[in-house]
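Here is a short briefing on a predicted model.

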Amino acid sequence: MDERTRLRLDVSYDGTDFSGWAAQPARRTVAGVLVEALDLVLGAGTATGLTVAGRTDAGVHATGQVCHLDLPTEVWLEHEGRLLRRLARLLPGDVRVRAMTEVPADFDARFSATFRRYEYRVTDAPWGAEPLRRRDTLAWPKPLDLAALNTAAAGLVGEHDFAAYCRRKENATTLREVTRLDWRRDPDGILVATVQADAFCQAMVRSLVGAMLVAGDGRRPVEWPASLLTRRERSSEVTVAAAHGLTLVAVGYPADPAEYARRADLTRRLRVPVVEG
């Protein structure tokens, strides 16, 4: 069997015109575009095993996405010094591979990850989002109170069953540990939520944001988002915030590469992988 080399790819994309990450027939997806470019450079089917840290939904962006793939070692040695630039010429402007790094064979972009961190951008300015940021910033029709948003957020931090905030998937757990959830208002007035967890189930981040926003504008009590954690089914009262405000900004991995396999094994035993965003 040919020797193969595993590569970590750090990827950014504007999700506006993509139907999410995962390849789908007759739809433009990030994975589909990436594989097409790799096939053009290396030959069809040369790169195998493309695996992503978080399969973002349609319209969700990324500045810190991570994936891995395998190449025949001979091919990698031949293209190593120029592959990044060749991909830059072939890929469309709304997706970039920013780095390609050789990693141990037991590195798994999805299962070796220790956390995913997202940011959600919202403006409550009466005129809406600035034109140059309209693709990654939600315009909210009511004034938002930063203190109320952070009070609502605090009740959601920790390990909980987030069934009320997740789209149910057969045999998949909705138990998650949110290690960070807070809001800030930047100097330009934009409100930014930072959400970090070991993993997320489908639509969880945007559902959390949707619940916090109605507490932040006074339509719900600040205790309301946390009160939903007692439910064991998705809550119809929660409105999922629009995809375009959400960006995957970072994925964390063990500092010691020797821990990649142990972390991957632990993650596989804890939960069934599900779509994020």
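The largest pocket holds about 210 Å³ of space. Lining it are 15 residues, and those closest to its centre are His61, Thr63, Arg133, Asp136 and Thr247. Strands β3 (61-72), β5 (115-123) and β10 (246-252) are the elements that each give two or more residues to this lining.

**Pocket make-up**

- By class, the lining of the largest pocket has six charged, five nonpolar and four polar residues.
- Two domains contribute: domain 1 (4-111) and domain 2 (115-251) each supply at least three residues to the lining of the largest pocket.

**Cysteines**

- The structure has one disulfide.
- Cys166 pairs with Cys201, at an S to S distance of 1.7 Å.
- This pair links distant parts of the chain, 35 residues apart.
- Cys166 sits in the loop between β7 (158-161) and β8 (175-185), while Cys201 sits in the loop between β9 (191-197) and α5.
- Cys166 and Cys201 are both buried.
- Cys67 also counts as buried, because its relative accessibility is 0%, and the cut-off for buried is under 20%.

**Helix α5**

- Helix α5 covers residues 204-216, which is 13 residues.
- At 1.5 Å a residue, α5 should span 18 Å; its end C-alpha atoms are 18 Å apart, so the two values agree.
- α5 is mostly covered, with 13 of its 13 residues buried.
- Just after α5, Gly218 takes a positive phi of about 90°.

Key:
Residues are numbered from 1 along each chain as its sequence is written. This is a predicted model: local features need pLDDT of at least 70, side-chain atom pairs count only at pLDDT 80 or more; totals for chains, interfaces and linings use all residues. Side-chain values use heavy atoms; hydrogens and water are left out. Helices (H or I, at least four residues) and strands (E, at least two) are DSSP runs, numbered from the N terminus. The expected span of a helix is 1.5 Å times one less than its number of residues. Buried means under 20% relative accessible area, exposed over 50%, partly exposed in between (1.4 Å probe, protein chains only). On a 1 Å grid over the protein atoms alone, a cavity is a set of points where a 1.4 Å probe fits but cannot get out, and a pocket is an open set with protein on both sides within 12 Å along at least five of seven lines; lining residues have an atom within 4 Å of a point. Grid points are joined across faces, edges and corners, and a volume is the space filled by probe spheres set on the points. Ala, Val, Leu, Ile, Met, Phe, Trp, Tyr, Cys and Pro count as nonpolar, Asp, Glu, Lys and Arg as charged, and the others, Gly among them, as polar. Domain bounds come from an automatic or database domain assignment. A disulfide is a pair of cysteine sulfur atoms within 2.5 Å.
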